[in-house]
Amino acid sequence: MKNALKGKVVVITGASSGIGEAMARLYSKMGAKVVLGARSEEKLALLAQIIESEGGKAAYIATDVTKEDDCKRLIAKAIEAFGGIDVLICNAGISMRAIFDDVEMSVLHRLMDVNFWGTVNCTKYALPYLLDTKGSLVGVISIAGHVGLPARTGYAASKFAVRGFLDTLRIE
């Protein structure tokens with residue numbers, strides 16, 4: 001298991017903190033070349049510096065997954081830096097807590113833009129490379145992508161959408 005990612009190119013969205021940062025650090029220690037995408041270029045630069053100081057290989061580019069062109073640039077960065085993609089991890093995401101009656105519609109739109117469309121945008125440009133390497137596509141969801149939770153209407157809907165998209169893509 002320790003060598004499962006050795007030499008693989010792993011692209012991670014939402015890489016500047018939390019689960020994304022933890023994956024980048026771990027996978028780098030496992031020998032993966034990591035390509036980091038998130039909105040904060042400063043945080044990405046610091047993480048890449050840490051990874052490289054520990055002997056790993058990292059590339060990064062500021063990426064807002066709600067912007068299709070940013071996703072296209074993220075994938076291009078992976079190709080430019082490491083020549084291909086073996087794994088795309090669509091991790092970027094946001095949450096919300098509010099009873100539907102109280103939630104602002106703009107919050108629901110933002111949830112779908114980040115959680116669902118962010119996954120779709122990155123997948124669209126990475127898929128040809130993943131097919132070429134027989135790579136893996138990973139979508140980070142949660143239990144809310146399997147069952148609705150109170151005060152999580154928009155979040156659950158966005159994660160159900162991600163799950164439906166990835167399930168269908170797997171079948172295709």
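## Largest pocket

Helix H1 (18-29) gives the largest share of the lining of the largest pocket, three residues. H1, H4 and H5 each supply at least two residues of that lining; helices (H or I, at least four residues) and strands (E, at least two) are DSSP runs, numbered from the N terminus. The model is predicted: local features need pLDDT of at least 70 and side-chain atom pairs pLDDT 80 or more, while totals for chains, interfaces and linings use all residues. Residues are numbered from 1 along each chain as its sequence is written, and side-chain values use heavy atoms, without hydrogens and water.

The largest pocket holds about 410 Å³ of space. Of its 25 lining residues, Gly-14, Asn-91, Ala-92, Gly-93 and Ile-94 are the closest to the centre. A pocket is an open set of points on a 1 Å grid over the protein atoms alone, where a 1.4 Å probe fits, with protein on both sides within 12 Å along at least five of seven lines; lining residues have an atom within 4 Å of a point. Points are joined across faces, edges and corners, and the volume is the space filled by probe spheres set on them. By class, the lining has ten nonpolar, eleven polar and four charged residues (nonpolar: Ala, Val, Leu, Ile, Met, Phe, Trp, Tyr, Cys and Pro; charged: Asp, Glu, Lys and Arg; polar: the others, Gly among them).

## Second largest pocket

About 270 Å³ of space lies in the second largest pocket. Ser-136, Leu-137, Leu-166, Leu-169 and Arg-170 lie nearest its centre, among 14 lining residues. H4, strand E5 (136-139) and H5 each give two or more residues to this lining, and H5 gives the most, with six. Eight of the lining residues are nonpolar, three polar and three charged.

## Aromatic contacts

The whole structure has two aromatic pairs. The rings of Phe-116 and Trp-117 are edge-to-face, because their centres are 4.9 Å apart and their planes stand at 70 degrees (rings of Phe, Tyr and Trp, its six-membered ring, pair with centres within 6.5 Å; planes over 60 degrees apart are edge-to-face). Phe-116 also pairs edge-to-face with Phe-165, at 6.2 Å centre to centre and 85 degrees between the planes. This pair links helix H4 (residues 105-133) to helix H5 (residues 153-171), with Phe-116 and Phe-165 49 residues apart.

Phe-116 is buried, at 15% relative accessibility, whereas Trp-117 at 42% is partly exposed, and so is Phe-165 at 22% (buried: under 20% relative accessible area; partly exposed: 20% to 50%; 1.4 Å probe, protein chains only).

Conventions: Rings of Phe, Tyr and Trp (its six-membered ring) pair if their centres lie within 6.5 Å; planes under 30 degrees apart count as stacked, over 60 as edge-to-face and the rest as tilted.
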